[in-house]
Amino acid sequence: MTKAEKIAFTIQKLKELYPTIPVPLDHKDPYTLLIAVLMSAQSTDVRVNQITPLLFAKADNPYDMIKLTVEEIRAIIRPVGLSPMKAKGIHGLSQMLVDKYDGIVPQELELLEEFPAVGHKTASVVVSQAFGIPAFPVDTHIHRLMYRWGFTNGKNVVQTEKDAKRLFPKEIWNDLHLQIIWYGREYSPARGWDLEKDIITKTIGRKSVLEAYYKTKKSR
């Protein structure tokens with residue numbers, strides 16, 4: 001298969017598996033999505049979805065959020081991990097939204113990246129999922145799969161994002177990054193990986209990845 005054929009196969013297979021694509025983090029508007037994505041760093045979406053309703057019951061907008069202290073926020077979000085940094089970030093970005101943007105989350109990637117505790121990936125998720133602006137946020141699943149499929153050299157997420165944007169049509173970025181995340185979770189995980197179920201990697205996977213998989217399987 002040529003590179004172009006592999007890309008077409010991947011897009012088609014993901015479309016078949018995920019014709020409708022659930023958004024992993026529960027939210028009702030750009031602000032609640034921004035907070036949820038910030039909280040998801042080094043945590044699971046399931047855990048975040050358990051905690052955000054508790055936080056949003058007290059404050060689901062920046063004006064109410066800044067009425068809480070950093071300590072109060074931290075007490076609520078503690079189960080998601082890294083709570084000191086995240087609580088400070090949530091309070092700080094809410095204050096900045098009120099001071100600079102009348103409480104409205106901006107749509108520009110560069111402006112979002114200026115907020116406390118908001119990195120490039122978080123900003124990319126918000127612009128794509130809240131505003132429908134094409135972006136390709138790379139999480140651990142996408143980074144792993146892009147390497148397994150031979151679409152990137154896997155050096156770092158910055159390179160993986162560049163390669164994804166170069167290889168895939170811009171109009172499908174927003175759907176595709178979510179489809180890859182769901183696929184990675186269900187069929188191509190980091191641990192407990194069963195290649196027989198992972199049709200995409202089995203069909204187009206990087207030769208060295210497939211060889212390493214079968215070698216490990218044999219030695220067990």
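Analyst: What follows describes the contact between the domains and then the salt bridges.

This is a predicted model, in which local features need pLDDT of at least 70 and side-chain atom pairs count only at pLDDT 80 or more, while totals for chains, interfaces and linings use all residues. Residues are numbered from 1 along each chain as its sequence is written, and side-chain values use heavy atoms, with hydrogens and water left out.

The chain is divided into domain 1 (28-129) and domain 2 (135-217), with bounds that come from an automatic or database domain assignment. Eight residues from domain 1 and nine residues from domain 2 take part in the contact, where contact means heavy atoms within 4.5 Å. The C-alpha centres of the two domains lie 28 Å apart. Between them, domain 1 and domain 2 bury about 630 Å², 57% of it on carbon and sulfur atoms; buried area is the accessible area (1.4 Å probe) that two parts lose on being put together, summed over both. Of the area that domain 1 buries against domain 2, 54% is supplied by Lys121, Ser128 and Gln129, more than by any other three residues.

Between domain 1 and domain 2 there are three residue pairs in polar contact, both residues being at pLDDT 80 or more; a polar contact is a pair of N or O atoms within 3.5 Å, and within protein one must be able to donate a hydrogen and the other to accept it, while residues adjacent in sequence count only if both atoms are side-chain atoms. On the side of domain 1 that touches domain 2, helix α8 (residues 120-131) gives the most, with seven residues; helices are DSSP runs (H or I, at least four residues), numbered from the N terminus.

The count of salt bridges between the two domains is one, a salt bridge being a side-chain nitrogen of Lys or Arg within 4 Å of a carboxyl oxygen of Asp or Glu. Asp45 forms a salt bridge with Arg185, the closest N and O atoms being 2.4 Å apart. Asp45 is found in helix α3 (residues 45-58) and counts as buried because its relative accessibility is 15%, given that buried means under 20% relative accessible area, exposed over 50% and partly exposed in between (1.4 Å probe, protein chains only). Leaving aside neighbours within four places in sequence, Asp45 is also in contact with Pro24, Leu25 and Ser40, among others.

The structure holds nine salt bridges, and one of them joins Lys28 to Asp60, with the closest N and O atoms 2.6 Å apart.

Methods:
Helix = DSSP H or I, 4+ residues; strand = E, 2+ residues; numbered from the N terminus.
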